Amino acid sequence: MNHSTEIILTIAGIVLVHGLIFYFLTRKSRLIKGKHVVVTGGSSGIGLWAAIECVRLGAHVTIIARNVALLEKAKEELEKRRVRDTQQIQFRSLDLSNSYDVVKTTLDDLEATVGPIYMLVNCAGMAICGTVEDTSIEDARRLMDVNYFATYYPTRYVLPKMKQAGDGVIVITASQAALMGIYGYGAYAASKFALRGLAETIAMEARHRGVSVTLALPADTDTPGFENENRSKPEETKIISGSGGLAKPEEVGKRIVQDALKGSFFSIMGLESWILSILCVGMAPWRGPLLCFAQFYLLGPLRLIGLVLQWNFQRIIKNCAKQRQRT
């Protein structure tokens, strides 16, 4: 083999490697132009901004929440962002945690009016903080109803339809509390862990039928819900969870939609979320060789960092306990 041939093969190899990297990093996104997208919790916060992104991409968008006044205001915002005169933008006032039959009736009506639901973005949820023994039984049950069943019911409705169609996108919005238990988030974390289990199960059951599932894991985000959450947070929780700062809902909502359309299982933002997703990857679905190699090589070193963080959390908890004893 002469020198010229070696150079040509070397260049060809470099081009091939970079081509493969580019291919795996730039997966084609699904298109939702002209398709029906339903966003729960779409009257404010992350849900509203996810709906705005879907409108920007040309979809017919229906937002669902309970507060009619907020829904009307949100619809006005969506109307301003429409890119086509034919886009259908509407809302429904509904307590998604009420019963499956009520949810089914509403979604049946939506599909008869707008068309089959191609993408479901579950953003309905709430947070009530407090240690396990300080959280009332009623609040613990309410968290499971709003965070889990208000996602399970609409997902249960669309899943068989999407399987039959051989196409569809489901987003399940959890939180970083779906990856690790945090002081003061006991009942809340339990409801979010349940969502992760639901997302991983659906991904296994439905991927071969063309249905994509994305588990969104937003960090603390500057939303009305976060303001309410802060009112019940123990001091330990504020210190532990406050180190990562506040994300902007418009950035989180947009990222969730983009990740879902690319077929990513985890939707994350920021270094903290990325590290947690590696540490807690467990049996999460395969999403490309590059990410899997990163998980393989980084899991060990990150585990050491995780142990240091856990030590720091325990230090914070002990210091807060001592402070209470002094007062």
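These legends go with a few close-up views of a predicted model.

Residue numbers start from 1 along each chain as its sequence is written. Because this is a predicted model, local features need pLDDT of at least 70 and side-chain atom pairs count only at pLDDT 80 or more, while totals for chains, interfaces and linings use all residues; side-chain values use heavy atoms, with hydrogens and water left out.

**View 1. The whole chain, for orientation.** The protein has eleven helices and seven strands (DSSP runs numbered from the N terminus, with H or I of at least four residues for helices and E of at least two for strands). Its C-alpha trace spans about 80 × 55 × 35 Å along the principal axes. Buried residues make up 46% of the 327 (buried is under 20% relative accessible area, exposed over 50%, partly exposed in between, with a 1.4 Å probe and protein chains only).

View 2. Ring pairs tie Tyr100, Tyr148, Phe149, Tyr152 and Tyr153 into a cluster. Rings of Phe, Tyr and Trp (its six-membered ring) pair if their centres lie within 6.5 Å; planes under 30 degrees apart are stacked, over 60 edge-to-face, and the rest tilted. By this rule there are nine aromatic pairs. Take Phe149 and Tyr153: their ring centres are 5.6 Å apart and their planes at 40°, so this pair is tilted. The two sit four residues apart in H5 (residues 137-165), about one helical turn. Phe149 is partly exposed at 28% relative accessible area, whereas Tyr153, at 16%, counts as buried.

**View 3. Lys35 over Tyr118.** Here the charged end of Lys35 sits over the ring of Tyr118, 4.0 Å from its centre (the rule asks for NZ of Lys or CZ of Arg within 6 Å of the ring centre and within 35 degrees of the ring normal).

**View 4. Inside the largest nonpolar core.** This core has 57 residues, and those with the most contacts inside it are Ile172, Leu215, Leu217 and Phe266. Elements giving it two or more residues include helix H4 (100-113), strand S4 (117-122), strand S5 (168-173) and helix H11 (289-326). A second, separate core of 30 residues includes Leu48, Ile52, Cys123 and Ala216. A nonpolar core is a set of buried Ala, Val, Leu, Ile, Met, Phe, Trp, Tyr and Cys residues joined through side-chain atoms within 4.5 Å. Beyond its neighbours within four places in sequence, Phe266 is in contact (heavy atoms within 4.5 Å) with residues including Arg196, Leu215, Leu217 and Asp259.

**View 5. Asp220 in its loop.** Asp220 lies in the loop between S6 and helix H7 (224-231). Asp220 is buried, with a relative accessible area of 15%. Leaving aside neighbours within four places in sequence, its contacts include Tyr185, Phe226, Lys233 and Ser241. Its C-alpha atom is 22 Å from that of Ile170, which is 50 residues away along the chain.

**View 6. Ile317 meets Ile240.** Ile317 is found in helix H11. Ile317 and Ile240 are 77 residues apart in sequence, but their C-alpha atoms are 9.0 Å apart in space. Neighbours within four places aside, Ile317 is in contact with Tyr183, Glu236 and Ile240.
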